[in-house]
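Hi,

Here is the model I promised to pass on. Please have a look at it, and my notes follow below.

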There are 2 protein chains.
Amino acid sequence: MTGPHQSIRVAVDVAVLAVEAGRLCVLLVKVRRPPFAGRWALPGGLIGQDETTTAAATRELREKTGLADVWLEQLYTFSDPARDPAGRCVSVAHLALVPARDARLDATTKYAGVGLFPVAELPPLAFDHQSVVATAVERLQSKLEYTNIASSLLPETFGLGELQQVYETVLGRKLDPRNFRKRVVDLDLVRPTGELRRGGAHRPARLYRFATRKPVILRKLNV
Amino acid sequence: MTGPHQSIRVAVDVAVLAVEAGRLCVLLVKVRRPPFAGRWALPGGLIGQDETTTAAATRELREKTGLADVWLEQLYTFSDPARDPAGRCVSVAHLALVPARDARLDATTKYAGVGLFPVAELPPLAFDHQSVVATAVERLQSKLEYTNIASSLLPETFGLGELQQVYETVLGRKLDPRNFRKRVVDLDLVRPTGELRRGGAHRPARLYRFATRKPVILRKLNV
DNA sequence: ACAAAAGTGTTGTTACTACACCCATGG
DNA sequence: CCATGGGTGTAGTAACAACACTTTTGT
C-alpha cells in the first residue's frame, strides 16, 4: 500500500551463544565480500523464496558452521534502512544455543573463518550485529530465569557445579550453592541420573540430566 | 547467499488491543482487495523503502484507523511462504495498546470499515491474522504481570476497580480486591491523585494515575 | 431503604535469603 | 597429607493467599 514497488532483501542472522570456561561466547564468521570483507559477523544470509525465516536460519547455520539440531528461536527483526550499506535489507535475527563442546568441535575446528568470541570482548562487527548480540544476551538472561532453556547450553548429563556456572556466567553474578541446588531439584528442573563423574582430580560429582529438554515455563506467576 | 534473486514483499501488521466492557478486543479493518476482499484483517501494509518496520506500523495505523500516539512494540515476524495467496510476503507484526475510549472514538466512528471485536469471538480473518492476534494476546498477558503496560490500556486517571477489571479481563481470571489494591500501591505502580470520581450512582471512587507511563519492569527476579 | 460499587486487615503458609563447614578423590 | 571442587541444613524474614464485612453514594 506504500506507493511504488518495494525492493527490499530479507535475510536472517543467527546469534549462537555458548558458555565456555565461565565466559558467555558468541559464534562469529569472517565476512568474505565487501563492504565488510574481513570483519566478523553473525552467520546468516538471504532467505529462500519458499522458506520460513526459521528454516533459513537453520540452513544458514548448518552451511556456515556445521551446527545442526540446536535450540533456535526467532529473536527480533532489524529494519534500519541504513543497516546494510550495500542496499536495503531487513534481517530477522534468531537466537541459538549450543553446549560449548559442540560449538568448538563442529564449528570452529572444521570450518575456516569461524570463531567463538566472549561477548564481553567482541571485535568490531559487521552491520548492526553488535545490537543483535546485545538483544540475544538479554533474551537469554531473561529466559534463563523462568524456563529450562539452560538445557540447550549443557550436554546430556552434567554436574550441578557446571549447571551453576552456566547460570552465574549468563546472569553475571554469583549464586549460593546450597540455595541453587535446592531450587533446581525442588522445581524438578533436573534429576539425578544415579551416575557419578569419574576421573576428576577431586571428589566425583553426581550427574544430573534435565527433567525434559523440551521448552518448559517454570515459575509460578502472581499479580 | 541463496541462489537467484529474491522477490519478497515486506509488510507490517498491527494488532491493536483494548479492554472494553470486560472484554479483550482487537481492532480490525475490512479488506478491500482480493483475494480477501470483504474479510476482516489487522491494519497493515507494505513498508516504505526507507522506513523501519515500527515507523511503518505507526504510519499504517494512523492512515487506516486515525490512531496516533499509542503504545506500540514489535511482536513477531510471520514468514510462512503460503501466508499470502497473492505472493510471497513476510510480515512483521506489531502489538499496539489503546484505552477503549480512544479505539471507539478515533477509529470505529470516523473511519468506515473499522471495528472493535472481542478476541473470544473473532470473525474469519484474512492471511494468518488469527495467529497474530493469538500471539499478541499472549504477549500482553505475560507483560501485564511484570511491567506497567496496563497504563496503555487506561485513560490518564481511573479508579482501582477499572484497573482491576483490565487485569481480570486480560488474564481471564478473578482477582481478590484487597490483595490487588495492596500490590499495585505497594509496588508504586499507581498513585492516588487526590480526586474522586463524581457522578456514578454509587460510592465515588478515588482516582489514581500510573506512577509513570514510560515502560518499566516491576517485579524482582530470583533464581 | 435499597442497590451497587468502593474500600479495608489479619492470619496462616510458603518461599526466599543468608550463612560455614565437612567430604571424597587424585596426586 | 594436601589441594580441589562436591556436597549439606537451619533459622530469620518477607511475600503470598485466603477470607467477609462496612462505607458511600444516587435513586
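DNA strand D is surrounded by 20 residues, and the closest are A:Arg178, A:Arg181, A:Arg206, B:Arg183 and B:Arg203; a residue is near a strand here if one of its heavy atoms lies within 4 Å of it. This is a predicted model, in which local features need pLDDT of at least 70 and side-chain atom pairs count only at pLDDT 80 or more, while totals for chains, interfaces and linings use all residues. Residues are numbered from 1 along each chain as its sequence is written, chains are lettered from A and ligands numbered from 1 in the order in which they are written, and side-chain values use heavy atoms, with hydrogens and water left out.

By class, the surface near DNA strand D holds 11 charged, five polar and four nonpolar residues (Asp, Glu, Lys and Arg are charged; Ala, Val, Leu, Ile, Met, Phe, Trp, Tyr, Cys and Pro are nonpolar; the others, Gly among them, are polar).

Just after α5(B), B:Asp188 has a positive phi of about 60°.

- B:Arg183 places a polar side-chain atom 2.8 Å from a phosphate oxygen of DNA strand D.
- A:His202 has a side-chain N or O atom 3.2 Å from a base oxygen of DNA strand D.
- B:Ala201 has a backbone N or O atom 3.2 Å from a sugar or linking oxygen of DNA strand D.

Now to the two protein chains. Chain B superposes on chain A by a rotation of 180° with 0.0 Å of shift along the axis (RMSD 0.1 Å), fitted by least squares on C-alpha atoms of residues with pLDDT of at least 70 in both. That is the relation of a two-fold axis.

B:Gln74 sits in strand β5 (residues 71–78) of chain B. B:Gln74 is buried, with a relative accessible area of 8% (buried means under 20%, exposed over 50%, partly exposed in between, using a 1.4 Å probe and protein chains only). Its side chain reaches the backbone nitrogen of A:Thr77 at 2.8 Å.

Best wishes

Terms used
Polar contact = N/O pair within 3.5 Å; in protein donor to acceptor, adjacent residues only side chain to side chain. Helix = DSSP H or I, 4+ residues; strand = E, 2+ residues; numbered from the N terminus.
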